[in-house]
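Biologist: I would like to go through this model with you and ask how the descriptions are reached. Could you bring it up for us?

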Amino acid sequence: MRYSGKTVMITGGAQGIGEAAARGFVQEGAAAVIADLDIDRATALAADLGRAIAVEVDVRDRDAIDACVAAADAAFGGVDILINCAALHNFTYGQPTLKLDIAKWRDMLDVNVVGIVNAVAAAQPSMQRRGGGVVVNLASINAYIGLSAYGVSKLAVRGLTSAMAGELAPDNIRVVGIAPGMVDSESVMAELPQHHRDALINQMQLIKRQGRREDIVNAFLFFCSDQASFITGETIIIGGGYPALP
Ligand SMILES: NC(=O)c1ccc[n+]([C@@H]2O[C@H](COP(=O)([O-])OP(=O)(O)OC[C@H]3O[C@@H](n4cnc5c(N)ncnc54)[C@H](O)[C@@H]3O)[C@@H](O)[C@H]2O)c1
């Protein structure tokens, strides 16, 4: 039980990679705080996990995030690990930068970038009281290839990861970015046509299988552990070798 006595707070934790992360950390002994807009799913997940609470949070709302951290402090004594999964997606926002409607640009940056600033700022005092912690920011393979509007938001997440690593190192808080390739969250499976998924796997990835949520969670479990205590400020691509091929 690598995470006994630790608390992990996950924005966008009600489904997809965030849900898998909650399950993975609780299995390893942690308590989980599921912070999501979708309070019904978050509540059902917390009930299923047992050592978990659900809090309705819009990451754009600093007061809501502060209340979530206060709930984590009250229930479990503080936050040790923050995983920032909440985001608006490539399906709608992966458009050419000059084509995406300006109102949509603002919404996307507010959730994907400012949402992380809100969550980290809210969790920092709790982590400080616990003597340190780890922040994991979800970037994307789209921050490295054929930049779209969504890709630019994820490039900003890579930038945030570097900047915050420097700002939080004095508090013994490490900040790591994970950039997934295509992973089998329900939303991706529902939105990406099969032929598109097959083409990515067979023509672009070096490892010819569908990426799984567990592939990402295994990375979280390593990067949040003391085994990774010399790693901060980096963003790591987990995409089966994509885009290593030309
Ligand atoms: N799944 C992939 O293939 C993939 C690839 C690259 C990057 N990512 C990144 O990984 C992260 C998780 O992706 P996923 O596929 O698991 O997503 P998902 O769609 O399965 O889950 C996203 C969750 O975020 C919540 N959410 C959305 N806006 C929110 C807000 N304003 N405040 C609070 N919660 C909010 C949703 O309710 C949902 O529960 C995202 O940052 C995504 O950009 C995913």
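Predicted model: local features only at pLDDT ≥ 70, side-chain atom pairs only at ≥ 80, totals over all residues.

Biologist: Which residues of helix H2 are called buried, and what makes them so?

Modeller: They are Ala42, Leu45, Ala46 and Leu49, in a helix that spans residues 39-49. The word requires under 20% relative accessible area, so each of these four falls below that cut-off.

Biologist: How do you know that they line one face of the helix?

Modeller: Looking down the axis of H2, the buried residues fall within an arc of 100 degrees, so they share one face. On the other side, Asp40, Ala47 and Asp48 are exposed, which means over 50% relative accessible area.

Biologist: And what covers the buried residues of H2?

Modeller: The cover includes helix H1 (16-27), strand E2 (31-36) and strand E3 (52-56).

Biologist: Why are E3 and E7 said to stand at the edges of the sheet?

Modeller: The open sheet has seven strands in the order E3-E2-E1-E4-E5-E6-E7, paired in parallel. E3 and E7 (235-238) each have a single partner strand, so one side of each is without a neighbour in the sheet.

Biologist: What makes E6 and E7 a pair?

Modeller: Pairing needs at least two bridges, and E6 (residues 173-180) and E7 have four, in the parallel sense, so they qualify. In one of these, Pro180 has Ile238 of E7 as its bridge partner.

Conventions
Residues numbered from 1 in each chain as written. Heavy atoms only, no water. Buried < 20%, exposed > 50% of the residue type's maximum accessible area, 1.4 Å probe, protein only. Arc of directions from axis to C-beta. Contact = heavy atoms within 4.5 Å.
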